[in-house]
Amino acid sequence: MKIAILGFGTVGSGVYEIAKTLKNIEVEKVLEKDLSKINIATNNYDEIINDKEIELIVECIGGLHPAYEFIMKAIQNKKSVVSANKAVIAKYLDEFLKTAKENNVKFRFEASVGGGIPCLASIQKIRRVENIDKFYGIFNGTSNFILDNMYRLENKFFTSLKTAQKLGYAEADPSADIDGYDVTNKVIISFALAYDGFIKNEFPCFTMKNITKEDILYFKKQGFVAKYIGEATTKGNEYEASVMLNLFPINALEANVLSNYNIVTVQSHTMGEVKFYGQGAGKLPTANAIIQDILDIQAKISFNPISIEKKYTYSSNLFKHKYVIRSNEELKGNFERIDRDGNNFYYYTKEITQADLLKLVEEKDYLVVKLSEY
């Protein structure tokens, strides 16, 4: 199969590197502004679109535009597309799947969630047999690196962030990772395969940048480790989802996921909890997942047909959970427990809904942490 790669950065060059080792994949063209990077580079996308020998396009540009336009043009020209671009997939998945079906080609995106971890394919396999009760996990390696660095080395938040940037785990602008946009996108994509529905980012997303060294040390004394978690579940045609810090007991698997690693848990009736652990990003792990999608398209392998026709409504009153709210001022409310540590008050709520939680915090700059039930 002849393919083209859009973008020759970290992931694109990784795809090329692995493809060179395989006899049944040939990289015909690479779309790249810098033509000196590789001898098959072109800066003219029409050259790729008009090449009838190219059957599949790998999108490694990132961001929303021109990635959206490139993907749609490829599909409309009857070329299958594989992408790791969670931002564009989370926003336009319905359009991509509909257009791919109309043009009898495939749109695959395993690498968009969990990097090299085959969690999306596994969700599809589970769905062949039964419904999924819920999924949750550490979906972002940058945020996990920061929290792990703070916990083990007792560093401040921005010291840990700078270390992550120095090591290449965090971007110069880290907002997608630390404010939860990246995890939100991954929850939306995972939800599509788990529940056959396409939701929008209307569920709560709490930034993790409010957590301090003092918070980490306080929770450590209580026997807890903070992790940044994305999760979702459904009840009938309603769903609940969130992106927020969770507290896990120190013996929990999630509490012991170190550095920039990810772990995703899927729960169903006969399988119970299944956990997928590994590198959630990086050049070769992500490229490996892209290559797997290419090979599946080539071999016409589909674990479960992707359908996102089911309609879900977000509900903030679906389930009840316990939370911890940290503030340096006294809060009014009926709390289960209140601790004071230095200048900070830690308010432990009873089991309340997301609606109750949002009323309590009222968009103020409190630290909000969920007491994990897992």
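Visitor: Which domains is the protein divided into?
Guide: There's domain 1 (2–108) and domain 2 (128–279 + 312–371), with bounds taken from an automatic or database domain assignment. Keep in mind that this is a predicted model, where local features need pLDDT of at least 70 and side-chain atom pairs count only at pLDDT 80 or more, while totals for chains, interfaces and linings use all residues. Residues are numbered from 1 along each chain as its sequence is written, and side-chain values use heavy atoms, with hydrogens and water left out.

Visitor: How many Å apart are the C-alpha centres of the two?
Guide: The centres of domain 1 and domain 2 are 33 Å apart. Eight residues from domain 1 and eight residues from domain 2 make the contact (heavy atoms within 4.5 Å).

Visitor: And how much area do they bury between them?
Guide: About 620 Å², with 73% of it on carbon and sulfur atoms. Buried area here is the accessible area (1.4 Å probe) that two parts lose on being put together, summed over both.

Visitor: What does K86 form a salt bridge with?
Guide: Its partner is D182, with the closest N and O atoms 3.5 Å apart. The rule wants a side-chain nitrogen of Lys or Arg within 4 Å of a carboxyl oxygen of Asp or Glu, and it finds one salt bridge across this interface.

Visitor: New topic: how many cavities of 30 Å³ or more are there?
Guide: The count is one. A cavity is a set of points, on a 1 Å grid over the protein atoms alone, where a 1.4 Å probe fits but cannot get out. The largest cavity has a volume of about 40 Å³, volume being the space filled by probe spheres set on the points, joined across faces, edges and corners.

Visitor: What lines it?
Guide: The lining of the largest cavity includes Q124, D196 and N304. Lining residues have an atom within 4 Å of a point.

Definitions and conventions
On a 1 Å grid over the protein atoms alone, a cavity is a set of points where a 1.4 Å probe fits but cannot get out, and a pocket is an open set with protein on both sides within 12 Å along at least five of seven lines; lining residues have an atom within 4 Å of a point.
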